Structures are given as C-alpha cells and as structure tokens.
Amino acid sequence: MSADDEDDSANERAAIARKGSPFLNTGQAAHYLGLSHRKLEEMREEGIGPIYRKHGNAVRYHINDLDAWSEASKRAHTGPLPSPRRPR
C-alpha cells in the first residue's frame, strides 16, 4: 500500500467516524490534525497534545477537543510567544 493509499484510507475512516461517532482513534485524530500517528502519541506522552479519553484500553479523541486544541494553537507569527510582564 502506498503512502497516498494510506492517506486516502485514513481520510475515509476519519470521514466515516465523524459522521457516525465524534470519537477518533489516534491514527484518525493525527490525520485530522495533519500530524503523524507517532507525533500525536509523543505529544500525548509529554502532556502537550489535545485532550484525550480512555475507553477501556482504547485512546479516543473527541472531534470537538481536537478543534479546541487546534484553535488554542493559533499563532500570528513564527517567533517565540512574548513572555508575560511581571510587576515591578
């Protein structure tokens, strides 16, 4: 299976999941966000990724949580974020 076929397959699974259930597995959530499966796993392990849920042993991401995390990640420039000013 080529990378394009895998992308098409992930797209289809994410579209079906969105129609039938708001919960996506790690692969579907990663595709939805434009990340690799492994990168999303690493972010989850580091506590810097989107909120997730455990359904038994399965990790699931709610589509609204993915959208909220993405919205909170918006940036206007590529430089570092300004540090908060401290009172003197």
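**Before you start**

Residue numbers start from 1 in each chain and follow the sequence as written. Because the model is predicted, local features need pLDDT of at least 70 and side-chain atom pairs count only at pLDDT 80 or more, while totals for chains, interfaces and linings use all residues; side-chain values use heavy atoms, with hydrogens and water left out.

**Whole chain**

Show the protein as a cartoon. Helices (H or I, at least four residues) and strands (E, at least two) are DSSP runs, numbered from the N terminus. Of the 88 residues, 22% are buried. Buried means under 20% relative accessible area, exposed over 50%, and partly exposed in between, with a 1.4 Å probe and protein chains only.

**Helices H2 and H4**

Select residues 26-33 (helix H2) and 63-72 (helix H4): their axes come within 11 Å and cross at roughly 35 degrees. Axes are lines fitted to C-alpha atoms, for helices over the stretch in contact, and angles run from 0 to 180 degrees between N-to-C directions.

Which residues make the contact? From H2 they are Ala 29, Tyr 32 and Leu 33, and from H4 Ile 63, Leu 66, Asp 67, Trp 69 and Ser 70. Contact means heavy atoms within 4.5 Å.

**The core**

Now select Leu 24, Ala 29, Ala 30, Leu 40, Val 59, Tyr 61, Ile 63 and Leu 66, the eight residues of the largest nonpolar core. Such a core is a set of buried Ala, Val, Leu, Ile, Met, Phe, Trp, Tyr and Cys residues joined through side-chain atoms within 4.5 Å. H2, strand S3 (58-62) and H4 each give two or more residues to this core. In soluble globular proteins, nonpolar side chains tend to be buried together.

Stay on Ala 29. Leaving aside neighbours within four places in sequence, Ala 29 is in contact with Leu 24, Leu 40, Tyr 61 and Leu 66.

**The aromatic pair**

A search of the whole structure finds one aromatic pair. Select Tyr 52 and Tyr 61: the ring centres are 6.2 Å apart and the planes are at 55 degrees, so the pair is tilted. Rings of Phe, Tyr and Trp (its six-membered ring) pair if their centres lie within 6.5 Å; planes under 30 degrees apart count as stacked, over 60 as edge-to-face and the rest as tilted. Is each tyrosine buried or exposed? Tyr 61 is buried at 0% relative accessible area, whereas Tyr 52 is partly exposed at 36%.

**Pro 50**

Move to the loop between helix H3 (37-46) and strand S2 (53-55), where Pro 50 is found. Pro 50 is buried, with a relative accessible area of 4%. Not counting residues up to four places away in sequence, Pro 50 touches Leu 33, Leu 40, Tyr 61, Asp 65, Leu 66 and Trp 69.

**Glu 41**

Finish in helix H3 with Glu 41. Glu 41 is buried, with a relative accessible area of 19%.
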